[in-house]
Amino acid sequence: MNIKRRKTLKSIIQKLTDLELEIEKVQDEEQDSFDNMPESLAATERGDQMEEFIGLLDFAREQVLESKGTLEEVSSS
């Protein structure tokens, strides 16, 4: 791989790092919101939905990390 394409990949990797941090921030905020809910609300459909969203955000973050790892492997070869 030439230097120009490696540089482009490094830029994409940085963007993925930034994206991962943004997703993590939203996930943490949602988790804090859920954790601070009264138990009576947490046990409702709204609470269940929040837990599902937290899990989906975690999955999205893991996918970004996996993509980042793949690109790092490609750019270092």
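Trainee: Before we start, what are the ground rules here?
Mentor: It's a predicted model, so local features need pLDDT of at least 70 and side-chain atom pairs count only at pLDDT 80 or more, while totals for chains, interfaces and linings use all residues. Residues are numbered from 1 along each chain as its sequence is written, and side-chain values use heavy atoms, with hydrogens and water left out.

Trainee: OK, how far does H1 reach from its first C-alpha to its last?
Mentor: H1 covers residues 3–35 and reaches 47 Å, close to the 48 Å expected. Helices are DSSP runs of H or I, at least four residues, numbered from the N terminus, and the expected span is 1.5 Å times one less than the number of residues.

Trainee: Which residues in H1 are buried?
Mentor: Among them are Leu9, Ile13, Glu20 and Phe34. Buried means under 20% relative accessible area, exposed over 50%, partly exposed in between (1.4 Å probe, protein chains only).

Trainee: Switching topic: how many salt bridges are there?
Mentor: The count comes to 2, taking a side-chain nitrogen of Lys or Arg within 4 Å of a carboxyl oxygen of Asp or Glu. Arg61 pairs with Glu20, closest N and O atoms 3.3 Å apart. That pair links Arg61 in helix H3 to Glu20 in helix H1, 41 residues apart.

Trainee: And is Glu20 buried or exposed?
Mentor: Buried, at 10% relative accessibility; Arg61 is buried too, at 17%.

Trainee: What about Arg61 and Asp58?
Mentor: They form a salt bridge as well, with the closest N and O atoms 3.0 Å apart. Asp58 is partly exposed at 22%, and Glu20, Asp58 and Arg61 are linked in a network of salt bridges.

How values were computed. Helices (H or I, at least four residues) and strands (E, at least two) are DSSP runs, numbered from the N terminus.
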